[in-house]
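Work through the exercises below with the model open beside you. Each has a task and a stepwise solution.

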Amino acid sequence: MGSIEDRKTIEEFLKEKGFDDEGIQQMLRKCKRLQSVEGNRASENWNYLKSIGIKERKLPCVVAKCPKILALGLDEKIVPTVHCLATLETKPGEVALAISKFPHILSHSVEEKLCPLLAFFQALGISDRQLGKMLLLNPRLISYSIETKFSHIVDFLASLGLNKEGMIGKILVKNPYIMGYSVQNRLQPTTEFLRSIGLSEMDLQRLVVNFPDVLCRDVNKILQPNLAFLRDCGFNTDQVTRLVAGYPPILIKSVKNSLEPRIKFLVEEMGRGISEVADYPEFFHHGLKKSLEFRQKVLKQKNLQCSLSEMLNCNKKKFITKFGLVGGHC
């Protein structure tokens, strides 16, 4: 009888917080322990999470992701875990944001996992402070195994020739999300795809160091369609290789919102051929409105001709000095 009353109590609490019947039943199925949690205990956990900076409007989403959060002991589990995470914080609000992203972090033995993680990443040249930033940016890292996950990623990066002192550590700090991907199902296929379009081992190394997020993208859903777009534009095999090697994000930029408008502007407004872009792939890095349109307007008004690199390979102030205010020629 007691457990039925308790269940009613937890249901009443969840209804007060805006959950509908279907949502409540899903949560109870997801976390059997929730059925025996009293409403006042759930309320204490809820209020504590609010007190550490998780906004009230976000709490229903956090709890729906991990209903177990209401069943955990507040003083025994949640508070010590939050205090432990707070030691990693470099600025206020990071712990609250990490819990919002991955509330399951509160159910992990953070203190037990932290020491082995610190030792593993220190060997890669990653400081405690950097690891703290990585964990709070991608809190799922705490749930991964050193042996079956992190070691595989490190071995894979080393196999690309990125085994110079501190290099792998810099890549992981730059993009902690790379550690969530499967070597076999994502990183290796992407690497093979990049090799297939002509990137050298040196090109690959530069890509992984400077744009590790490119390595994390799906070949069939993102990289292949972007490659097809470049070929449809008329770029030959050698030009595609130079484009990707020179500016790897070209393979993950939106075709509709980024690549297509820039190619159209290049040809129709600037009157240039696509071969010029192959010689200066960073063209795709420049903003259409803030950079390309403004600079093209200045050159057109002054009837000046110059290469893309001369036009774009300087900041706005230097460009104005060179072409806008004192005239100039290329």
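Buried means under 20% relative accessible area, exposed means over 50%, and partly exposed lies in between. The model is predicted.

**Exercise 1. Helix H3**

Task: Find which residues of H3 are buried, and compare the reach of H3 with the expected span.

Solution. 
- Step 1. Locate the helix. H3 covers residues 39-51, 13 residues in total.
- Step 2. Apply the burial cut-off. Gly 39, Ala 42, Asn 45, Trp 46, Tyr 48 and Leu 49 are buried in H3.
- Step 3. Check the length. From first C-alpha to last, H3 reaches 18 Å. That is close to the 18 Å expected at 1.5 Å a residue.
- Step 4. Look past the end. Gly 53 follows H3 and has a positive phi, near 115 degrees.

**Exercise 2. The whole chain**

Task: Describe the protein by its secondary structure, its radius of gyration and its contacts.

Solution. 
- Step 1. Count the elements. The protein has 20 helices and 0 strands.
- Step 2. For 330 residues, a compact globule would have a radius of gyration near 20 Å; the protein has 26 Å.
- Step 3. Take the box. Along the principal axes, the C-alpha atoms fill roughly 85 × 40 × 35 Å.
- Step 4. Turn to burial. Of the 330 residues, 44% are buried.
- Step 5. Sort the contacts. Take those between residues at least 6 apart in sequence: 69% of them join residues at least 24 apart.
- Step 6. Finish with charge. There are 48 positive and 36 negative side chains. The centres of these two sets are 7 Å apart.

**Exercise 3. Loop residues**

Task: Where do Gly 234, Asn 303 and Lys 32 lie, and how is each classed by accessibility?

Solution. 
- Step 1. Start with Gly 234. It is in the loop between helix H14 (219-232) and helix H15 (237-246). With a relative accessible area of 46%, Gly 234 is partly exposed.
- Step 2. Trace its surroundings. Leaving aside neighbours within four places in sequence, Gly 234 is in contact with Gln 239 and Ile 274. Ser 275 is 41 residues from Gly 234 in sequence, and 9.1 Å from it C-alpha to C-alpha.
- Step 3. Go to Asn 303. It is in the loop between H18 and helix H19 (308-312). Its relative accessibility is 64%, so Asn 303 counts as exposed.
- Step 4. Check the backbone. Asn 303 is not a glycine, yet its phi is positive, about 55 degrees.
- Step 5. End with Lys 32. It lies in the loop between helix H2 (21-30) and H3. Lys 32 is exposed, at a relative accessible area of 59%.
- Step 6. Lys 32 and Ala 71 are 39 residues apart along the chain, with 9.6 Å between their C-alpha atoms.

**Exercise 4. A helix residue**

Task: Is Glu 76 buried or exposed?

Solution. 
- Step 1. Glu 76 is in helix H5, residues 74-86.
- Step 2. Classify it. Its relative accessibility is 65%, so Glu 76 counts as exposed.
- Step 3. Glu 76 and Ala 96 are 20 residues apart in sequence and 19 Å apart in space, C-alpha to C-alpha.

How values were computed: Residues numbered from 1 in each chain as written. Predicted model: local features only at pLDDT ≥ 70, side-chain atom pairs only at ≥ 80, totals over all residues. Heavy atoms only, no water. Helix = DSSP H or I, 4+ residues; strand = E, 2+ residues; numbered from the N terminus. Expected span 1.5 Å × (residues − 1). Buried < 20%, exposed > 50% of the residue type's maximum accessible area, 1.4 Å probe, protein only. Rg over C-alpha atoms; globule rule 2.2 N^0.38 Å. Contact = heavy atoms within 4.5 Å. Lys, Arg positive; Asp, Glu negative; His and termini not counted. Charge placed at Lys NZ, Arg CZ, Asp CG, Glu CD.
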